[in-house]
Amino acid sequence: MRLKDKVCIITGAGGGMGLVAAQKFAAEGAKVAVFERDELAGQTATNDIVHNGGEAKFFQVDISNEQQVKQAVAQTVETFGKIDVLYNNAGVMPSADNSVVNTSEEVWDLVMNINVKGIFFMTKYVIPEMEKNESGSIINIASFVAEMGCSVPQDAYTASKGAVVSLTKSLAIQFRPKGIRTNAISPGPIETPLLMEWLVSDEAAKKERLDRQPTGRFGKPEDIVNCALYLASDESDWTNGANINVDGGITANYF
Ligand SMILES: NC(=O)c1ccc[n+]([C@@H]2O[C@H](COP(=O)([O-])OP(=O)(O)OC[C@H]3O[C@@H](n4cnc5c(N)ncnc54)[C@H](O)[C@@H]3O)[C@@H](O)[C@H]2O)c1
């Protein structure tokens with residue numbers, strides 16, 4: 001088992017890629033702390049893992065709320081004794097996020113509060129716990145849009161993911177000497193509710209994305225989680241400060 005007895009916090013573990021990550025990490029022997037704001041989704045994900053013989057506990061937390069994050073991280077340590085892996089997966093992409101010229105301040109703040117400030121709060125409270133053991137792996141989910149412009153804009157989301165990549169490098173340099181490595185994964189378009197709900201209402205955007213995808217398909221959550229498994233395990237001890245594109249090659253595509 002690649003993650004035997006590793007305590008792994010996964011944010012947004014109630015749905016999409018986070019749910020698949022929680023299931024796969026548990027199957028590899030991890031003790032999973034399910035950090036999810038949706039009570040039903042978080043509890044269901046946790047129950048399923050336990051039902052299948054894995055170890056997991058649900059913490060209802062909105063990662064953009066500092067007090068909730070502080071409390072849930074402390075409770076994770078109380079429950080499992082340590083934190084080995086922080087998988088910052090939760091993120092939002094509201095349909096009202098468009099070009100800067102027609103995006104409201106409210107939408108901009110919503111995206112930044114979850115996608116960027118959420119990772120700030122999570123790392124603020126988890127890193128001191130990892131430092132106690134001089135060991136840890138932080139995995140930040142960014143996006144291929146951090147590197148590429150798009151004619152169907154989501155400017156708040158794009159800016160938020162650029163910030164995730166930059167913060168990843170800063171944490172990697174600061175904390176690797178203390179045993180903590182930090183890496184980002186930049187997924188291409190993946191078949192999850194977050195993307196599909198948006199594309200269902202926009203056939204042109206869907207076709208445009210598939211036309212530019214060398215593999216001819218959207219990614220699956222497993223494509224990303226397999227990379228995260230490597231980053232969570234000791235196999236990635238010398239991988240630090242990387243932003244790994246797992247995108248079927250879309251960022252390598254000129255035409
Ligand atoms: N789906 C894609 O194509 C794609 C591509 C690149 C990057 N990403 C990124 O991957 C990550 C996961 O995306 P997904 O498609 O699985 O999303 P999703 O919407 O399917 O699932 C996200 C989960 O996070 C939870 N969540 C949202 N806000 C939260 C908060 N404030 N606190 C706690 N939990 C919260 C949701 O309840 C949900 O369970 C996100 O960071 C997203 O930006 C997705």
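Tutor: Before we start on partners, one convention: two strands count as paired if DSSP finds at least two bridges between them. Keep in mind, too, that this is a predicted model.

Let's take strand β1, residues 7-11. With β4 (residues 85-88), β1 pairs in the parallel sense over three bridges. At Thr11, the bridge partner in β2 is Phe35. To get from β1 to β2, the chain goes through helix α1 (residues 16-27), and this β-α-β crossover is right-handed.

Now for the cover over β1. In a regular strand, side chains alternate between the two faces of the sheet. In β1, Val7, Ile9 and Thr11 sit on one side, Cys8 and Ile10 on the other, and all of them are buried. That makes five buried residues out of five, so the strand is mostly covered.

The structure holds three aromatic pairs. One of them is Phe35 with Phe59, a tilted pair at 5.5 Å centre to centre with 55° between the planes. This pair ties together distant parts of the chain, since Phe35 belongs to β2 and Phe59 to β3 (residues 55-60), 24 residues apart. Buried or exposed, then, for Phe35? Its relative accessibility is 1%, and because anything under 20% counts as buried, Phe35 is buried. Phe59 comes out at 4%, so Phe59 is buried as well.

Another tilted pair is Phe120 with Phe121: the ring centres lie 5.1 Å apart and the planes meet at 35°. Why tilted? Stacked would need planes under 30 degrees apart and edge-to-face over 60, so 35° falls into the tilted class. Phe121 has a relative accessible area of 6% and is buried, whereas Phe120, at 41%, is partly exposed.

Last, have a look at helix α4, residues 105-133. Helix α3 (residues 66-80) packs against α4 at an angle of about 30°, with the axes 9 Å apart. Angles under 35 degrees count as roughly parallel, and therefore α3 and α4 are roughly parallel to each other. As for handedness, α3 passes α4 in a right-handed crossing.

Technical notes
Residues are numbered from 1 along each chain as its sequence is written. This is a predicted model: local features need pLDDT of at least 70, side-chain atom pairs count only at pLDDT 80 or more; totals for chains, interfaces and linings use all residues. Side-chain values use heavy atoms; hydrogens and water are left out. Buried means under 20% relative accessible area, exposed over 50%, partly exposed in between (1.4 Å probe, protein chains only). Helices (H or I, at least four residues) and strands (E, at least two) are DSSP runs, numbered from the N terminus. A crossover is right-handed if, with the strands pointing away from the viewer, the path from the first strand over the helix to the second runs clockwise. Rings of Phe, Tyr and Trp (its six-membered ring) pair if their centres lie within 6.5 Å; planes under 30 degrees apart count as stacked, over 60 as edge-to-face and the rest as tilted. Axes are lines fitted to C-alpha atoms, for helices over the stretch in contact, and angles run from 0 to 180 degrees between N-to-C directions. Angles under 35 degrees count as roughly parallel, over 145 as roughly antiparallel, 65 to 115 as roughly perpendicular and the rest as oblique. A crossing is left-handed if the near helix is turned anticlockwise from the far one by less than a right angle, and right-handed if clockwise.
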